[in-house]
Amino acid sequence: MAKKHQTNQRRNTRRPNRKKTKKKQPPKPQGPVHFKEGMNVSELSQMMGIPISTIIKKLMTLGTMINQNQPLDKETVELIAMEYNIEVLEDTSQQEAIHFEELQTEEKEDDLEVRPPVVTIMGHVDHGKTTLLDTIRHARVTEGEAGGITQHIGAYRYMKDGQSITFIDTPGHAAFTEMRARGASITDIAILVVAADDGVMPQTREAIDHIKAADVPVIVAVNKMDMAGANPDKVKQELAEFNLIPEEWGGDTIFAELSALKNEGVENLLDMILLTAEVTEIKANPNREASGHVIEAELDKGRGPVATLLVQNGTLHLGDTIVIGDTYGRVRNMTDDFGKQVEHALPSMAVEIIGLSDVPAAGDPFKVFDEERTARQIAEKRAEETWKDEHGVAKSVSLDDMFAQIGENEKKQLNIIIKGDTQGSIEALKGALETIEVEGANITVIRASVGTITETDVTLANASGAYIIGFNVRPSAAVRDTARDKGVEIRLYSIIYKAIEDIEMAMEGMLDPEFEEVVTGQAEVRDTFKISKLGTIAGCYVTDGFIKRDATVRVLRDGVVVYEGDLASLKRFKDDVKEVRQGFECGIMIEKFNDIKEGDIIEASVMKEIER
């Protein structure tokens, strides 16, 4: 009985304490909410000052079942915020971080310091690009490489009179342009190497096109002056046709005569580089987070992903958290071009780093961030956007919508590449295009050459936002696929005035074709059979797509159109058929054309009605 009385007494003593406990007041909503892609309930709870459970219950009443870690879309966030009269704002900081390569950061003039120039050496194969670089670096690079042709992209520093120059050694204009197509503007000065005994060659012309499209200062190095047939005046005359006119002829292009093999005139070339750099005032701010581009990258079996970076602004430090393209990581080790470990890299310095999550691509931009978590989120978001871009609408210019992109007071440039069957037709088309005048737009022909459309043309078009005109030439199936993948438009014509008419109408915003030509397939002629009463039958193998009986066909010989007309017959063995698909043989006769030869390509196309 006494125990029971004590228990009741203890209970009675506890009751007053319960009455004194104050009930917790619900937290007052805060705001505003800064919406960012991928934010979850937990993050929304912190911004709003509302418990996670309350938000989840609110979402359930709105018909949405979601946990605290699942991402929310903007509409859902706005619905929740509306319940508590909280404003939702767009968080632009992360978006800017994602697209950091597009941001033009304005630097104060006082913060800028002169940085070493970054130089790219370009030119025709065997004209002495690697020998010149070898002479400059005093290292026999050429001997260690197959056939003397550069096998990789490297970056090397050279000190001249206390001033540093960074050389980017590319295997040619293709790598230079592929990197530029990815937005990598890494070169300050281009050196065009031309052999004095050989003159301007096909790859020299292509290198000139790429240098001009990149809009960088060019110095011409007339190499092999020690050779018996050296004729520098001939080189100058040939280059003058490309508007590279020597200073002594009244132009503004620096020409340096040298012999890389005998180390004659190389010092003068280096002086010209430093002089050009001084005139162009190449500067950067070393006192900020580093940014720049990837020169090369690979997967090393022992070290993992390895990337060579060119620092273009700021200073890169050992231990920095970095985002490169779609990958990220921490700089765990950093070596310079001499193989020495360094703790920091200043502007215009190239370093090899390890510590990345994946192998980036050459030309990818990089930027240093404060937190690894932020870097990972940005890299993942960039990877997602890259996937969408690759599977979505191409970014390259289209003739149909070119004029639609022109702003009210903005002058647009329409870049064109012309490929044709003869020099005469190319000159006629180029001349006619350059006379077109439409207010608010300019036409620039960045390349005009004889021959079929190649992957090099597509690469240049992609890098320059150009589109390609083919006159009496046709691209191969592989080139057509590359153009489609890169979003480069190719327009093919056989009549000059039709090409001019289309461009005029496009520039005036009036292009409105009712039909477009669709290439359905190609067949290779493997054999020919002449039948006296009928004509020539081509024994063919369909290499791409399909050939239909009612198709229009073109006969291509070395990429050039030799005939265009209709099919007379399409057979499989002895039977007439309506269609023959890729991988099958067939017999083809073409109306009013019997000059078919082995090796010819027969391309079939149909006219397809399109809606506008």
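Reader: Which residue meets the side chain of Arg480 in a salt bridge?

Author: A salt bridge pairs a side-chain nitrogen of Lys or Arg with a carboxyl oxygen of Asp or Glu within 4 Å. Here the partner of Arg480 is Glu603, at 3.4 Å from N to O. The model is predicted: local features need pLDDT of at least 70 and side-chain atom pairs pLDDT 80 or more, while totals for chains, interfaces and linings use all residues. Residues are numbered from 1 along each chain as its sequence is written, and side-chain values use heavy atoms, without hydrogens and water.

Reader: Where in the chain do Arg480 and Glu603 lie?

Author: Helices (H or I, at least four residues) and strands (E, at least two) are DSSP runs numbered from the N terminus. Arg480 belongs to helix α14 (residues 477-486) and Glu603 to strand β30 (residues 601-609); the pair links distant parts of the chain, 123 residues apart. Arg480 and Glu603 also take part in a network of salt bridges that includes Arg474, Glu517, Asp544, Arg554 and Glu564.

Reader: Are Arg480 and Glu603 buried or exposed?

Author: Buried means under 20% relative accessible area, exposed over 50%, and partly exposed in between (1.4 Å probe, protein chains only). Both Arg480 and Glu603 are buried.

Reader: How many salt bridges does the count come to?

Author: The count is 33 salt bridges. One of them joins the side chains of Asp457 and Lys419, 2.7 Å from N to O. Asp457 sits in helix α13 (residues 455-464) and Lys419 in strand β19 (residues 412-420), so this pair ties together parts that are 38 residues apart in sequence. Asp457 is buried, at a relative accessible area of 0%, and Lys419 counts as buried at 5%. Another salt bridge brings together the side chains of Arg491 and Asp502, 3.9 Å from N to O. Arg491 is in strand β22 (residues 490-493) and Asp502 in helix α15 (residues 496-507), 11 residues apart. Arg491 and Asp502 are buried as well.

Reader: What is Asn415 in contact with, leaving aside its neighbours within four places in sequence?

Author: Contact means heavy atoms within 4.5 Å. Asn415, a residue of strand β19, is in contact with Thr444, Ile446, Ser464, Gly465, Ala466 and Tyr467, its neighbours within four places being left aside. Asn415 is buried, with a relative accessible area of 13%.

Reader: Which residues does Cys586 touch, not counting those up to four places away in sequence?

Author: Cys586 touches Ala538, Gly539, Cys540, Val542, Leu570, Lys571 and Val580, on that count. Cys586 is part of strand β29 (residues 585-590) and counts as buried at 7% relative accessibility. Cys586 and Gly539 are 47 residues apart in sequence, with their C-alpha atoms 6.1 Å apart in space.

Reader: At roughly what angle do the axes of helix α3 and helix α4 cross?

Author: Axes are lines fitted to C-alpha atoms, for helices over the stretch in contact, and angles run from 0 to 180 degrees between N-to-C directions. The axes of helix α3 (residues 52-61) and helix α4 (residues 74-83) come within 11 Å and cross at roughly 110°. Angles under 35 degrees count as roughly parallel, over 145 as roughly antiparallel, 65 to 115 as roughly perpendicular and the rest as oblique. Helices α3 and α4 are therefore roughly perpendicular to each other. Ile55, Lys58 and Leu59 of α3 make the contact with Thr76, Ile80 and Glu83 of α4.

Reader: How many helices and strands does the chain come to?

Author: There are 15 helices and 30 strands. The chain has 612 residues, of which 45% count as buried. Of the contacts with a separation of 6 or more, 69% are between residues 24 or more positions apart.
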